[in-house]
Amino acid sequence: MTKKRRNGGRNKNGRGHVKFLRCTNCARCVPKDKAIKKFIIRNIVEAAALRDIGDQSVYKSYILPKIYVKLHYCVSCAIHSKVVRNRSRESRRTRTPPQRGPPGRQQQNQQQAQQNKN
């Protein structure tokens, strides 16, 4: 039978069994090596309220804490929420991960785009 992917869509290699995770979106059981993982670092306070809190605060140099969340998606939820996209047959062969910028760069770009609109 033909194979769609060299690794069968998993990162199990020599292991016989892998623990299951629950999908963040739909709570489906997904093997840990097959789940699509996304790590999010966000401010606790949204950008609009950040300046207001800074003005009202007694401490001038206080840095608000961040939220660190690791999201686990099943394949269908990751495709539906556009975390990953399907690739052509030729591009499926490339196993190098896509280039990533420093963490938080995407959020900064979104904030700058919103400021430019106003």
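Which strand does R42 lie in? R42 lies in strand β3, residues 36-43.

## Basis

This is a predicted model, in which local features need pLDDT of at least 70, side-chain atom pairs count only at pLDDT 80 or more, and totals for chains, interfaces and linings use all residues. Residues are numbered from 1 along each chain as its sequence is written, and side-chain values use heavy atoms, with hydrogens and water left out.

Strands (E, at least two residues) and helices (H or I, at least four) are DSSP runs numbered from the N terminus. R42 has a relative accessible area of 44% and is partly exposed; buried means under 20%, exposed over 50%, and partly exposed in between (1.4 Å probe, protein chains only). From R42 to V69 the C-alpha distance is 8.4 Å, although 27 residues separate them in sequence.

## Aromatic pair

One aromatic pair is present in the structure. In this pair F39 and Y68 are stacked, at 6.5 Å centre to centre with 25° between the planes. Rings of Phe, Tyr and Trp (its six-membered ring) pair if their centres lie within 6.5 Å; planes under 30 degrees apart count as stacked, over 60 as edge-to-face and the rest as tilted.

F39 belongs to strand β3 and Y68 to strand β4, so the pair ties together parts that are 29 residues apart in sequence. Both residues, F39 and Y68, are exposed.

## Loop residue Y62

Y62 sits in the loop between α1 (47-56) and β4 (66-73). With a relative accessible area of 53%, Y62 is exposed.
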